[in-house]
Amino acid sequence: MALLIGCGESSSSASPIVLIRYLNRAVDSFKHDIAHIFANIFCCKTNFDSNSRTCGNEDLQPSSFENLMTAMGEQYQLRAQNWCSKQKDFDDERDPYAVFNVLDTMLKDSLERLKMMRESISLAEIGIRGCTLEVKYAEHVYIIRDLCLVGKVEAALWLRRKMIRKGVVPDVSSYNYLLNGLCKTGNLEQADWLIREMVEMGPSPNCATYNTFIKGYCLINNVDKALYIFSTMANTGIRPNKVTCNILVHALCKKGLLDDAGKILGEILEEENDKATPDLITSTILMDGYFKNGDMVQALSLWNEMVQKNTQIDVVAYNVLIHGFCLSRHMRLAYRHFCEMLKRGLLPDAFTCNILITGLCNDGKFDEALYIHGVMARMEVAPDPISYNIIIRGLCAYGDVVRAHEFLLYMLENSIVPEPQIWNLIIDCYGRCGDLGNAFSIRDQMTAFGVLPNTFTYNALVHAQVKGGNIAGAYSLKKEMILCGLYPDVVTYNLLIGAACTLGHIRLALQLHDELLTSGYDPDIITYTELIRGHCMRGNVKEAEELFAKIEKAGLPMDHIPFKILIKTYCKMREFDMSFDLYQKYLNKDK
DNA sequence: ATAGGGTTAG
């Protein structure tokens, strides 16, 4: 904190230099205080003279600004006489409590002073124009913001530390950007620490600070903590605003706690003395919550209320409504409101179109979905990756891999390089219908377009090979993926284990199972089921039973398949009693 | 020319 600025010449009026010198002086005196505190900690001497502080440079230019700052400084001077406890006789007794009281007070005072100084530095930073260093630090502030916005919070924090070391403290909004960056990456501990620092040393947090923090806890699904912070806001003297309310209402809706959301909303509206309707965004959040909870009646009554009260409904509110109709498969109503929206002069955005496309795909209406997709460009809404994703996913789910492939080609012709998922979907779809040639050629094309295959890609190919009974091919794919630096996962192993079992190679299956364990994965229900199947096929019923018991012991949620396999095996062995017992067990398994 | 709030696929 040594020097704010290198230039030493004095200037004539309330110049930056005067201010900076003042601050330097303040910093020096602060250092002096801290030294004093330490001196006291070590020798427990409490009765020193309050006027012993020296102020350093006396050649400051007189100015009203300086006077102001001096006055401010005095207000925060350490006054030794105030620190002593009311007991008069502690001096010689060395009452430890008194000493700690004194030290506490001194530290608190010092922190207050530092906070005040930091705030005045930020003030100065805004207030002074034309000082080159100020410009440099203003740039730092923008860099901090930009870094936070692109998710490089660590770098932003580093820059902040660097600035503070030079004696320039970023303003509240910069701190809020930092907090937002931390909260979005789930780093709530550091966010908490940053807020504490703000409270103690400035710049003082404002409502946006707390809103950001509350939102952060909502994002990691810790709504209780969010509500707690909300409840402590009152103590800090900052009143929650509409935004605070919307964050909490949204979080509660997401948890399905619509009643609580309504209650909170009511409380806040009451406090605000605003008996009028909640604002558009709040209503939108609530309406969305009702739709997603399947309560269409409440959702629509909220919508009607908005219409009746002549609320200026916007695109997002329409999107939520249309999405609600799509969720409940009321596609005609979705369409009707889409048209109504156009008539009102509201231009649909990518959300609107994607929502409609999703609804249509879920209904198997691909021609209409593709029509909307085609219309998007004409409505000046460029289709985004999500639009493509929905359509290709829908076509694959419907088993229409040919059209999905055509659509992929269409994207490539239009210079859109799809994300890996889209390629994987089509590879998987070809594999499932036994078209290995196309599955592999899509993989090659993917690579040619610079999109790296991932574990999912390989799993789709392994699946294709396994389906075709080519276990050697599947096995060599596993080797290939390792060579590419990809790790086989549980799905890969399950596919290979399943194939080995089907072909009766139970030893190979068990070997793969061991390999799965050594790779650090836990076998899942599919792994065990495949092994049970393999053992049963070979007539190793005892081993199969042991595995069955293992699933139960591990507490893995079991479906009907392992039961079915064992029951069938018992029947084949004419062990009807055992078969029946297991069937009984199956019927009672969830009780 | 300032930070914080609502909608789409896995």
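How much space lies in the largest pocket? The legends below take that up, using a predicted model.

**View 1. The largest pocket and its centre.** There's about 660 Å³ of space in here. The lining counts 22 residues, and the ones closest to the pocket's centre are Thr 284, Asp 288, Val 316, Val 320 and Phe 351. Find those five and you've found the middle of the view.

**View 2. The helices around the largest pocket.** Four helices each put at least two residues into this lining: H12 (242–254), H14 (280–292), H16 (315–327) and H18 (350–362). H14 gives the largest share, with six residues. Sorted by class, the lining comes out as 10 nonpolar, seven polar and five charged residues.

**View 3. The second largest pocket.** This one has a volume of about 420 Å³. Its lining is made of 20 residues, and nearest the centre sit Asp 428, Arg 432, Asn 459, Ala 460 and Val 491. Helices H22 (420–432), H24 (455–467), H26 (490–502) and H28 (525–537) each give two or more residues to that lining.

**View 4. A nonpolar patch on the surface.** Now for the outside of the protein: Phe 580, Tyr 583 and Leu 587 make up a nonpolar surface patch. Taken together, these three residues have about 310 Å² of accessible area. To get your bearings, look for helix H31, which runs over residues 576–588 and holds Phe 580.

Notes: Residues numbered from 1 in each chain as written. Chains lettered and ligands numbered in written order. Predicted model: local features only at pLDDT ≥ 70, side-chain atom pairs only at ≥ 80, totals over all residues. Heavy atoms only, no water. Patch = residues over 30% accessible without salt bridge, like charges linked within 9 Å, V, L, I, M, F, W, Y side chains within 5 Å. Areas by Shrake-Rupley, 256 points an atom, 1.4 Å probe, with all protein chains shown as cover. Salt bridge = Lys/Arg side-chain N within 4 Å of Asp/Glu carboxyl O. 1 Å grid on protein atoms, 1.4 Å probe; cavity = no way out; pocket = protein on both sides within 12 Å on 5 of 7 lines; lining within 4 Å. Points joined across faces, edges and corners; volume = space filled by probe spheres on them. Nonpolar A, V, L, I, M, F, W, Y, C, P; charged D, E, K, R; others polar.
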